[in-house]
Amino acid sequence: MADQQTTSNTWDSCYADLHIHIGRTSRGEAVKISGSRDLTFENIAREASERKGIQLLGVIDCHSPVVQMDIEQLLENGTMSELEDGGIAYQDTTILLGTEIELREPEMREYHMLAYFRDLKTMKSFTEWMERYMKNVNLSSQRVYVSSLEMQAEIKARGGLIVPAHAFTPHKGIYGSTAPRMADVLDTSLIDAVELGLSSDSSMASYIQELDQLPFLTNSDAHSLGKIGREYNELQIAHPSFDEFSMALKGEAGRNIKANYGLNPRLGKYHRTYCAACGSIMDEQAMSAERCPYCGSTKLVQGVLDRILAIADRESPHVPEFRPPYHYQVPLEFIPGLGKAKLRQLLEHFGTEMNVLHRTSEEELASVVGPVLASLIVAARNGRLELSSGGGGTYGKVSGKETD
């Protein structure tokens, strides 16, 4: 793998969130049942460009023919345009056309895979092939009844990129749900990156040796407009497009993944083992328990941390030198006391959430929302807020106190 730390003054930094769901089409047709109704293709683009400050988006329900109808209409009326080097342009944001697929191997549990394609024509070709092997091609994250290796071959035949989704979560992550090794299921030489998911980080994933040569992505898996950008990546590329993104994953010609920004894993809703009987989340002392220490039940849902430690083939994590830094980033909506009115004031003054999180000093923040909230935003930016662990589908919590 090329050295991803190679940089060049030619390239710009670009913020990228590459896992956004479509809730409904512009005509109200359901795509992601659990997604918000206002998660349409156009609304996602507008939210990312005008409010979030995300320059590269991955919308991963673009295999759906009813979503493709929306995209074609936006291209025809000039709201959006296709780029020569791949992707759909809207204002300052480029959208990558992606899909989330559910697969299952014999004697194993199901898992999710992301795939991205250069243009709408290629995505439509993939849809035509895939709909023969699934029950409802218009819906998100549906089971495709082919082998994992056949799926990889079809994606690569179309020049696509393959990324196992939220790899460590017990809810359909390839490690968390399916197998202790990705190589038991997939041809790892055909994998372009691995999505860590909301309950893990680069250090935790580095307990597993087969991941050493694969780049990591941190994405939001957004089911509502507000969740776009809760986890994201900083890419060093010439401009946002499919081809530039592909080069960044490979570390080619100075393009690279510059940094990952994600929740502290303790905030993730699958971080720790959870008791389905009494609702308790296991603490550090109860980490390896086979029974709930609170009620004695064996109905435990294994958390991401506990699963990684159970399948680790190292005693301690080894982070390769090329791996970019992983920054713990608390989304603005998690910060205690920062309500909608205050957030609106920040956006009116500084433009986008990325500007608030990365480009604005504490003094500038204090001039808008006061010194207390400004201090909390900066403490969150630097990973200094106290956290409680999440588990069992419930997010951890951020306190209003700073760590020492």
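**Entry 1: two loop residues**

I started at A253, which sits in the loop between α7 (242-250) and β11 (256-262). Helices (H or I, at least four residues) and strands (E, at least two) are DSSP runs, numbered from the N terminus. Before going on, I noted that this is a predicted model, where local features need pLDDT of at least 70 and side-chain atom pairs count only at pLDDT 80 or more, while totals for chains, interfaces and linings use all residues. Residues are numbered from 1 along each chain as its sequence is written, and side-chain values use heavy atoms, with hydrogens and water left out.

I looked up the backbone of A253 and found a phi near 50 degrees, a positive value in a residue other than glycine. Most residues other than glycine have a negative phi. Is A253 buried or exposed? A253 is exposed, because its relative accessible area is 53%; buried means under 20%, exposed over 50%, and partly exposed in between (1.4 Å probe, protein chains only).

E107 is also not a glycine and has a positive phi, of about 65 degrees. I found E107 in the loop between β5 (93-103) and β6 (111-117). With a relative accessible area of 81%, E107 counts as exposed.

**Entry 2: confidence**

I checked pLDDT, the predictor's confidence in each residue, from 0 to 100. The protein averages 90, and 92% of the residues score at least 70. Where does pLDDT stay under 50? That happens over residues 1-9, for which the model has 26 contacts beyond four places in sequence. Contact here means heavy atoms within 4.5 Å.

**Entry 3: pockets**

Next I went looking for empty space. Rolling a probe the size of a water molecule over the atoms shows where such space is left. A pocket, on a 1 Å grid over the protein atoms alone and with a 1.4 Å probe, is an open set of points with protein on both sides within 12 Å along at least five of seven lines; lining residues have an atom within 4 Å of a point. Grid points are joined across faces, edges and corners, and a volume is the space filled by probe spheres set on the points.

The largest pocket has a volume of about 410 Å³. I see 22 residues in its lining, and H171, D221, H223, K269 and Y270 lie nearest its centre. By kind, the lining of the largest pocket has three nonpolar, 12 polar and seven charged residues. For this sorting, Ala, Val, Leu, Ile, Met, Phe, Trp, Tyr, Cys and Pro count as nonpolar, Asp, Glu, Lys and Arg as charged, and the others, Gly among them, as polar.

The second largest pocket has a volume of about 340 Å³. Its lining has 19 residues, with R51, G226, E333, L343 and E353 nearest the centre. These 19 residues divide into eight nonpolar, four polar and seven charged. Which helices each supply at least two residues of this lining? They are α1 (41-52), α9 (340-350) and α10 (353-358). The largest share, three residues, comes from α9.

**Entry 4: F350 in α9**

I stayed with helix α9, where F350 is found. F350 counts as buried because its relative accessibility is 18%. Leaving aside neighbours within four places in sequence, F350 is in contact with N355, V356, T360, E364, L365 and V368.

**Entry 5: cores and a covered helix**

A nonpolar core is a set of buried Ala, Val, Leu, Ile, Met, Phe, Trp, Tyr and Cys residues joined through side-chain atoms within 4.5 Å. In soluble globular proteins, nonpolar side chains tend to be buried together. I found 98 residues in the largest core, and those with the most contacts inside it are F41, M151, F168 and L211. Helix α12 (residues 371-381) gives the largest share of this core, seven residues. Apart from it lies another core, of 20 residues, among them I60, L96, V163 and F245.

Beyond four places in sequence, F168 touches residues including Y175, G176, A205, V304 and I308. I then looked at helix α8 (residues 304-311), which is mostly covered, with six of its eight residues buried. These are V304, L305, D306, R307, I308 and I311. What covers them includes α5 (174-178) and α6 (202-205).
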